[in-house]
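I opened my notebook to work through the fold and its charged pairs. These are my entries, in the order I looked things up.

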Amino acid sequence: MFKVTRPYQRIELDAHLLKAFFTIDIEELDGTVRTAVLKRLYIIVAIDTWSRAILGYHISLNAQPTIEDVASCLAHVLDPELRDQSEI
């Protein structure tokens, strides 16, 4: 096994399924708002294995995580401005 001796030497990604009822408001093009109910979502996290710190995350509303979801998670790791704009 590769021994990690410093921060950012190895970053791991993991996706976790959250099963619960979630509601989100979606604004349509005509300005109306509709509420959608989700029964599951995924949170994708990037973790520094040396410090165990969470470096970035992305919440996916897709049925399964996609490569775009992974790319968005990595973008949050690499771009501090995106990290500051994140909200749940």
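I started with helix α1, residues 67-78, which lies across β1, β2 and β3. Helix α1 runs at about 145° to β3. Contact here means heavy atoms within 4.5 Å. Angles run from 0 to 180 degrees between N-to-C directions, with axes as lines fitted to C-alpha atoms, for helices over the stretch in contact. Helices (H or I, at least four residues) and strands (E, at least two) are DSSP runs, numbered from the N terminus.

I noted the source before going on. This is a predicted model, in which local features need pLDDT of at least 70 and side-chain atom pairs count only at pLDDT 80 or more, while totals for chains, interfaces and linings use all residues. Residues are numbered from 1 along each chain as its sequence is written, and side-chain values use heavy atoms, with hydrogens and water left out.

Next, the sheet. I found an open sheet of three strands in the order β1-β2-β3, with antiparallel pairing. The edge strands are β1 (11-27) and β3 (54-60), and each pairs on one side only. The twist averages 20° from one strand to the next. Two strands pair if DSSP finds at least two bridges between them.

I then took the strand pairs in turn. β1 and β2 (residues 33-48) run antiparallel and are joined by 15 bridges. Within this pair, T23 stands opposite V37 in β2. E27 stands opposite V33 in β2. The two strands form a hairpin with five residues between them. In that turn, G31 has a positive phi of about 95°.

β2 and β3 pair in the antiparallel sense over six bridges. V45 has Y57 in β3 as its bridge partner. This hairpin also has five residues between its strands. R52 in the turn has a positive phi of about 65°.

Last, the charges. Side chains of opposite charge can pair when their charged atoms come close. I counted a salt bridge when a side-chain nitrogen of Lys or Arg is within 4 Å of a carboxyl oxygen of Asp or Glu. The count comes to two salt bridges.

E12 pairs with R10, with the closest N and O atoms 3.1 Å apart. E28 pairs with R34, with the closest N and O atoms 2.5 Å apart.

How accessible are these residues? Buried means under 20% relative accessible area, exposed over 50%, partly exposed in between (1.4 Å probe, protein chains only). E12 is partly exposed at 32%, and R10 is partly exposed at 27%. E28 is partly exposed at 31%, and R34 is partly exposed at 44%.
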